[in-house]
Amino acid sequence: MSEIETEAAAGIAEATMAGRAGVTGEAAAVSRVRADVAGLHAELVRYGLIVWTAGNVSGRVPGAELFVIKPSGVDYDELTPMNMILCDLDGNVVEGSAGSELKPSSDTAAHAFVYRNMPEVGGVVHTHSTYATAWAARGEPIPCVITGMADEFGGEIPVGPFAIIGDDSIGRGIVATLSGHRSRAVLMRSHGVFTIGRNARDAVKAAVMTEDVARTIHIARQGGEPVPIAPEAIDALFARYQNIYGQPSEGAVH
Ligand SMILES: [Zn+2]
């Protein structure tokens, strides 16, 4: 097993012991989310969505006013369950918790704002993946011109406002753009991608799919104007994918 897998196994063992000892369900839940969030960063690398230490995944702790996020500036190879950072929904690090000596991701305030304002969201992901960020740089929504995108996003991927890092403004932009929207992804203008999901894995899937459709539709446009899909067909594809295809945990959060 790799170091990360070993630590993940340790985290799961810790959770199991906590559960067996009847310590608290919350401790077990925190351990599970730590392992999930640490492991999911490898998916951002695997799918080529990040460079250096850019990009981050967070996950809400079910049943608690807490979420887990990556530390700032730590190499992806060194991310483990125990150096993930536990925060309250205002984005404050929980003092004395594992990893609390590290600084949380510089995007923590944005993630916290989403969790506070979108109770249905269980995971948030941020990347600067190349093709999707190129659309964000143009301030152009990605049009829904392929069926796989209708399945996954139910329409276009919208553009959110230009916002400076460091306060609530990115979080406000994400919530304002995605509330009531089918898409689990938003292109923050001149910046990059934020995705939401029912849990951290679902938000990572949305980030992977966002880059995939951004690339495909960019390439399609090199040869001419993509053919639109009729709105009724998009509705039907989205409804089928969300309700019939796959497992209940997949798809839209709304
Ligand atoms: Zn960013």
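Of the 254 residues of the protein, 50% count as buried, where buried means under 20% relative accessible area, exposed over 50% and partly exposed in between, with a 1.4 Å probe and protein chains only. The model is predicted, and local features need pLDDT of at least 70, side-chain atom pairs count only at pLDDT 80 or more, and totals for chains, interfaces and linings use all residues. Residues are numbered from 1 along each chain as its sequence is written, and side-chain values use heavy atoms, with hydrogens and water left out.

**Overall architecture**

The protein has eight helices and seven strands. These elements are DSSP runs numbered from the N terminus: H or I with at least four residues for helices, E with at least two for strands. Of the contacts in the protein with a separation of 6 or more, 64% are accounted for by residues 24 or more positions apart; contact means heavy atoms within 4.5 Å.

**The nonpolar cores**

In soluble globular proteins, nonpolar side chains tend to be buried together. A nonpolar core is defined here as a set of buried Ala, Val, Leu, Ile, Met, Phe, Trp, Tyr and Cys residues joined through side-chain atoms within 4.5 Å. The largest such core has 25 residues, and those with the most contacts inside it are Val37, Leu44, Val57, Val61, Val68, Val125 and Val204. Helix α2 (25–46), strand β2 (66–69) and helix α7 (200–222) each supply at least two residues of this core. The largest share, seven residues, comes from α2.

Which residues are in contact with Val125, leaving aside its neighbours within four places in sequence? They are Leu44, Asn56, Val57, His111, Val193, Phe194, Thr195, Ala200, Ala203, Val204 and Ala207. A second, separate core has 22 residues, including Ala110, Met118, Ile174 and Phe194.

**Two helix pairs**

Two packed helices are described by the angle between their axes and the distance between the axes. Here the axes are lines fitted to C-alpha atoms, for helices over the stretch in contact, and the angles run from 0 to 180 degrees between N-to-C directions.

The axes of α3 (residues 108–117) and α6 (residues 169–178) come within 7 Å and cross at roughly 40°. That makes α3 oblique to α6, because angles under 35 degrees count as roughly parallel, over 145 as roughly antiparallel, 65 to 115 as roughly perpendicular and the rest as oblique. The contact is made by Ala110, Phe113, Val114 and Asn117 of α3 and by Ile170, Gly171, Arg172, Ile174 and Val175 of α6. These residues divide into six nonpolar, two polar and one charged; Ala, Val, Leu, Ile, Met, Phe, Trp, Tyr, Cys and Pro count as nonpolar, Asp, Glu, Lys and Arg as charged, and the others, Gly among them, as polar.

For α2 and α7, the axes come within 10 Å and cross at roughly 10°. The two helices are therefore roughly parallel to each other. Val37, Leu40, Glu43 and Leu44 of α2 meet Ala200, Arg201 and Val204 of α7 in this contact. Its residues divide into five nonpolar, no polar and two charged.

Helix α6 is mostly covered, with seven of its ten residues buried. The buried residues are Ile170, Gly171, Gly173, Ile174, Val175, Thr177 and Leu178. What covers them includes α3, β5 (159–160), β6 (185–188) and β7 (192–197). Gly180 follows α6 and has a positive phi, near 75°.

**Individual residues**

| Residue | Relative accessible area |
|---|---|
| Thr210 | 0%, buried |
| Asp107 | 7%, buried |
| Ser190 | 46%, partly exposed |
| Trp52 | 76%, exposed |

Thr210 is found in helix α7. Not counting residues up to four places away in sequence, Thr210 touches Ala132, Ile142, Phe153, Ile157, Ala185, Leu187, Val193 and Thr195.

Asp107 belongs to the loop between β3 (85–88) and α3. With residues up to four places away in sequence not counted, Asp107 touches Asn56, His126, Ile165 and Phe194. Asp107 and Ile69 are 38 residues apart in sequence and 9.3 Å apart in space, C-alpha to C-alpha.

Trp52 lies in the loop between α2 and β1 (56–60). Its phi is near 50°, a positive value in a residue other than glycine. Ser190, in the loop between β6 and β7, is a residue other than glycine with a positive phi, near 60°.
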